[in-house]
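Reader: I have a structure to look at and some questions about it. Please take them one at a time.

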Amino acid sequence: MNIIRAFITGFKTVECTVDNINDFNLIKFYFKNRDRYINIISRYSNNNIITLVLSEEIDIKYACTLFYDDHTFSDCDYFKLFASEEFNGRFFTLDELGLNYNETYSEFRVWSPVALSVNLLLYKNGNTADLTATPTKIQMSEINGLWSVRIDKNLNGKFYTYEVNVYGNINEATDPYAKAVGVNGQRGAIIDLLQTNPIGFENDSPITKENYTDAIIYELSVRDISTNPNSGIKNRGKFIGLTEKNTKTKNNKPTGLAYLKYLGITHVQIMPVFDFSYNSVDEKNPYKYNWGYDPQNYNVPEGSYSTNPYIPNKRILELKEMIFAFHKKGICVNMDVVYNHVFDAKHHCFELIFPGYYFRRNEDGSFSNGSNCGNDTASENLMMKRFIIDSMLYWAREYHLDGFRIDLMGIHDIDTINTLRDRLDRHIMLYGEGWNLGTALSSDKKAIITNSAKLPEIGFFNDITRDILEGSIFSKFDKGFISGKEGLESGIMTSIVGCTKYSDDTSGPFYSPIQSINYISCHDNSTLWDKLKSTCSDEPEEKLMARLKFALGILLTCQGIPLLSSGIEFGISKEGVENSYNSPDEINWVDWERRDKYIDLVTYVKSLIDLRKAHPAFRLSTLDDIKDNIKFLFVPSKNVVAFVIKSLDIIDSWQNIVVIYNANKYSVEIKLPPDTWNLVANKSVVSNKPISGHSGLFLAEGISVNVLYNNC
Ligand code: CA
């Protein structure tokens with residue numbers, strides 16, 4: 001007979017699971033908390049689950065043990081209490097957290113209702129390798145879980161951690177709210193944030209777009225964009241590499257910031273730039289590569305991207321300089337944020353400061369692992385929710401960000417994401433990965449695509465369009481519409497309308513095109529070029545290039561918000577590596593000479609971007625506009641889809657636009673609607689002036705996107 005596990009479920013209730021209820025006499029349980037026995041006043045069982053009600057409240061600062069008849073016992077786990085409404089209703093603070101620095105005083109606040117004591121440790125050095133440094137220890141005082149201390153000195157230049165006495169352990173932890181850190185992020189840094197603003201940053205104002213659908217997003221990594229020596233960028237792999245002007249390849253073609261301006265995208269989406277774990281990239285010697293989806297200090301930039309990770313101000317200033325440089329070019333900056341998990345929950349400051357609260361648990365007490373990264377955070381717990389919101393508001397305000405891409409958004413709860421939407425300025429984009437993952441949160445609460453009705457102003461990475469276009473990402477050889485798979489016409493029609501609820505026959509999960517982030521490839525999985533090489537392996541290179549143009553031609557003429565991964569427009573390759581998160585620079589970097597080699601592709605894609613930007617008809621912002629203005633044309637040929645966008649309710653310099661996708665290798669004749677039409681895009685060229693006039697039958701070449709317009 002065994003107690004399998006025991007949980008505290010309320011301030012006066014304990015629950016345990018036993019192996020066989022028939023072996024137990026409920027009267028023989030007894031319970032201990034803080035070296036005292038608490039009477040059990042009622043007991044009941046349901047199969048092998050036993051609930052015990054106590055005569056008085058548990059002191060949550062102390063461990064609890066459940067005994068049975070002197071010979072068996074179990075330590076009790078607290079996480080169910082911490083996740084309860086009862087607990088969240090009682091323990092919560094709206095007080096400012098973290099460090100409030102002034103020249104004359106500094107005030108530190110950290111929240112842990114379960115800590116027995118908390119000390120502030122002040123260091124002279126931010127480097128934990130300096131073992132000679134003994135910290136000054138200052139006791140903090142508590143009011144209802146909020147620990148604080150004020151020191152009336154100028155502490156600028158010092159570093160700090162918290163020493164937390166919790167459940168018999170003395171844990172040294174960084175401040176979850178730290179805004180600056182020493183090298184490798186192991187100590188908070190005390191700085192004056194006002195000293196971290198580039199000159200003129202206060203005059204930097206948001207670049208507002210009328211609608212989220214006006215965005216054309218380009219995903220990039222700070223490291224990959226400039227690491228290759230052929231980038232011509234001096235500060236390779238650094239934030240300020242993207243501030244350098246007029247950088248170019250030896251062929252005199254623009255790279256870095258200058259190239260992005262030339263390409264015409266409206267937003268960059270920057271892969272992790274918050275401080276990620278030193279286990280992934282050692283800031284002292286960052287030769288190892290990692291994408292950085294393993295957060296360490298959520299409110300601090302990554303040190304390996306600064307020119308000096310030992311000087312806390314540098315990484316902050318230099319990231320701001322990068323964002324400012326984009327803004328000066330009219331490009332918005334969206335940040336990829338990863339609040340859903342950390343690299344090592346057990347040793348993360350959240351768990352060291354308040355064990356059992358910030359990470360979601362499975363029924364058996366193990367970490368929930370829907371993220372597949374070992375652990376999931378618990379956004380449904382109020383102080384975790386508050387942390388996510390505080391953190392994103394801080395980034396938006398302090399760094400002037402224009403949007404957030406939420407990694408594995410489906411791990412988070414709907415309320416957290418909608419509260420964020422309400423709290424962030426309207427111009428700030430908010431979108432993420434709404435995958436339904438196996439996390440310990442009920443499906444109706446998850447911020448996932450199937451709950452899009454409850455998240456009306458949130459964008460979702462659209463895997464439907466992705467898979468229809470290029471085939472499943474889970475099979476290297478699975479084809480899609482762009483690579484010759486047949487029978488996908490209705491899927492393509494759904495993609496054209498942004499996978500919105502357009503009609504009974506053509507309907508996706510979305511209620512608005514602002515919910516659809518249309519992409520073919522991103523940092524995950526194969527690059528588009530590698531996927532084409534594996535799915536169309538018998539085809540010569542020029543055929544693959546035609547397919548790539550076809551793919552991006554479709555992507556940029558569908559309703560919704562297009563997202564391009566860096567280098568997709570010149571067929572970037574990772575040599576077949578599908579998950580390159582820790583592959584060497586040579587696999588991940590942007591090869592700018594490849595860009596020079598495939599400049600014809602780049603020109604084509606740039607012209608598509610220009611076309612989309614010039615014509616609001618491709619960027620409709622509501623479902624009603626899509627329903628009213630887009631009509632599909634009857635096409636008898638298979639693997640061909642054609643539609644008309646009529647500018648009825650929208651203002652566009654073109655009255656009617658016909659778009660034809662022909663996925664066949666051969667040409668197909670399409671009957672155009674009445675009147676004459678001007679061709680502006682075909683298989684080879686996208687032009688801002690008519691290429692040729694057409695009426696009656698139009699011959700769409702094999703594997704081509706064609707755009708025609710008239711003003712009749
Ligand atoms: Ca780091």
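Author: Asn381 is in contact with Phe82, Ala83, Asn88 and Tyr357, leaving aside its neighbours within four places in sequence; contact means heavy atoms within 4.5 Å. This is a predicted model, in which local features need pLDDT of at least 70, side-chain atom pairs count only at pLDDT 80 or more, and totals for chains, interfaces and linings use all residues. Residues are numbered from 1 along each chain as its sequence is written, and side-chain values use heavy atoms, with hydrogens and water left out.

Reader: Does Asn381 count as buried or exposed?

Author: Buried means under 20% relative accessible area, exposed over 50%, and partly exposed in between, with a 1.4 Å probe and protein chains only. Asn381 has 2% relative accessibility, so Asn381 counts as buried.

Reader: Where is Arg34, and is Arg34 buried or partly exposed?

Author: Arg34 lies in the loop between β3 (29-33) and β4 (36-38); strands (E, at least two residues) and helices (H or I, at least four) are DSSP runs, numbered from the N terminus. The relative accessible area of Arg34 is 43%, so Arg34 is partly exposed.

Reader: Which side chain makes a polar contact of 3.4 Å with the side chain of Arg34?

Author: A polar contact is a pair of N or O atoms within 3.5 Å; within protein, one must be able to donate a hydrogen and the other to accept it, and residues adjacent in sequence count only if both atoms are side-chain atoms. The side chain of Arg34 is joined to that of Asp59 by a polar contact of 3.1 Å. The polar contact of 3.4 Å is with the side chain of Tyr62.

Reader: Which residues coordinate the calcium ion?

Author: Donors are N, O and S atoms within 2.8 Å of the metal (3.2 Å for Na, K and Ca); water is not among the atoms, so sites may look incomplete. Along the chain, the donors of the calcium ion follow the spacing D-F-x6-E-x18-E. At 2.2 to 2.4 Å, the ion is coordinated by Asp275 (OD), Phe276 (O), Glu283 (OE) and Glu302 (OE).

Reader: How many residues does the largest share of the largest nonpolar core have, and where does that share come from?

Author: A nonpolar core is a set of buried Ala, Val, Leu, Ile, Met, Phe, Trp, Tyr and Cys residues joined through side-chain atoms within 4.5 Å. The largest one has 212 residues, and Phe31 is one of those with the most contacts inside it. The largest share of this core is 11 residues, from α7.
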